[in-house]
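Subject: Handing over the structure, with notes

Dear colleague,

I am passing on the structure below, followed by notes on what was found in it. Please keep the view open while you read, so that you can look up each residue as it comes.

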Amino acid sequence: MISSTGQVVCVTGASGYIASWIVKFLLQRGNTVKATVRDPNDPKKVGHLLRLDGARERLHLFKANLLEEGSFNSVVQGCHGVFHTASPFYYDVEDPQAELLDPAVKGTLNVLKSCANSPSLKRVVLTSSIAAVAYNGKSRTPDVVVDETWFSDPHFNLEANMWYVLSKTLAEDAAWKFARENNIDMVTINPAMVIGPLLQPVLNTSAAAVLNFVNGAQTFPNATFGWINVKDVANAHIQAYESASASGRYCLVERVVHHSEIVKILRELYPTLQLPEKCADDKPYVPTYQVSKDKAKSLGIEFVPLEMSLRETVESLKEKKFTNF
């Protein structure tokens, strides 16, 4: 067991959806958190963090920019653990290199370079994605089980213009190479679509997918994704940091379902809502597949059921006044 309560740790991109929950759980466990954000003076970015229990005593905000070399040096010094979550997640991009690839790859290496120069550091936990695991052109059908030995293929993603998937694939590849060369003890967490309650006041990409359904979208995309609760993802990061035996990658997927199934569950949860009735195209539904839970369960993750995660997401979106009902 890496003793972790009461340690000084760093969380990059701390105002983000997953990172906010990581900060919350770390503070609950008595850690001192050095949190990096692009603008520590923007209340929309940091207000929700400053209101967390323990924040007044043990949360310190720092300005850092992923693309600025050395930007993380002083923050990482003296830290026992670093959680690197900062990486952009959008689908609509005009300049993939500037908007996704550089921040993901160069940003990750910048953080790891700072880590390599910090003698106090015991472990880095990197927020990767199932995007870096499952997209390699191999067929994914209901009998196929994706696990941590799978790696996405950059050439396949590039040819398919899957820029977000490519950014996460290249960033994780570069991170493992750098960690091996510099003897950094690193673990990666590879979640699928993350939903559940929002701590931050701004809408994030994965919650927006659910919001789109409940706010009256006419159709649902012909797409199949894995889904996971944000609290399970944050908890996995902390278990991966605290457990001395944690190593390698951890896929986090409670269930893989087609968007039609998401709509069906939402209809059962909220019978009065106007939900989309038909698929966006007439092609056969993209098949589902399985993702192994064995490794994640070894971290003690118990998995919030998808139905509960969807309810929590909708209730949170309602509470934050994103919904129009």
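Strand β5 (residues 123–127) is joined to β7 by 4 bridges, and the two run parallel; in this pairing, the bridge partner of V124 is M186 in β7. Strands here are DSSP runs of E with at least two residues, while helices are runs of H or I with at least four residues, both numbered from the N terminus, and two strands are said to pair if DSSP finds at least two bridges between them.

Before going further, please note that this is a predicted model, in which local features need pLDDT of at least 70 and side-chain atom pairs count only at pLDDT 80 or more, whereas totals for chains, interfaces and linings use all residues. Residues are numbered from 1 along each chain as its sequence is written, and side-chain values use heavy atoms, with hydrogens and water left out.

The sheet

On its other pairing, β5 meets β4 in the parallel sense over 4 bridges, and there G81 has R123 in β5 as its bridge partner. How many of the residues of β5 are buried? The count is 5 of the 5, so β5 is largely enclosed by the rest of the structure; buried means under 20% relative accessible area, exposed means over 50%, and partly exposed lies in between, with a 1.4 Å probe and protein chains only.

A residue in β1

T12 lies in strand β1 (residues 8–12) and is buried, with a relative accessible area of 1%. Which residues is T12 in contact with, leaving aside its neighbours within four places in sequence? They are A19, T36, F72, F83, H84, T85, A86 and V111, where contact means heavy atoms within 4.5 Å.

The helices

One of the contacts of T12, A19, is among the buried residues of α1. In helix α1 (residues 17–28), 12 residues at 1.5 Å a residue should span 16 Å, and the end C-alpha atoms are 17 Å apart, which agrees; the expected span is 1.5 Å times one less than the number of residues. Because 10 of the 12 residues of α1 are buried, this helix is largely enclosed by the rest of the structure. After α1 comes G30, whose phi is positive, near 90°.

Helix α9 (residues 230–242) is also mostly covered, with 11 of its 13 residues buried, among them D232, H237 and E242.

Helix α8 (residues 205–214) and helix α12 (residues 306–319) pack at an angle of about 80°, with their axes 10 Å apart, and are therefore roughly perpendicular to each other (65 to 115 degrees). The residues of this contact divide into 7 nonpolar, 1 polar and no charged; Ala, Val, Leu, Ile, Met, Phe, Trp, Tyr, Cys and Pro count as nonpolar, Asp, Glu, Lys and Arg as charged, and the others, Gly among them, as polar.

Finally, P43 is found in helix α2 (residues 43–50) and counts as exposed, at 63% relative accessibility.

With best wishes

Terms used:
Axes are lines fitted to C-alpha atoms, for helices over the stretch in contact, and angles run from 0 to 180 degrees between N-to-C directions. Angles under 35 degrees count as roughly parallel, over 145 as roughly antiparallel, 65 to 115 as roughly perpendicular and the rest as oblique.
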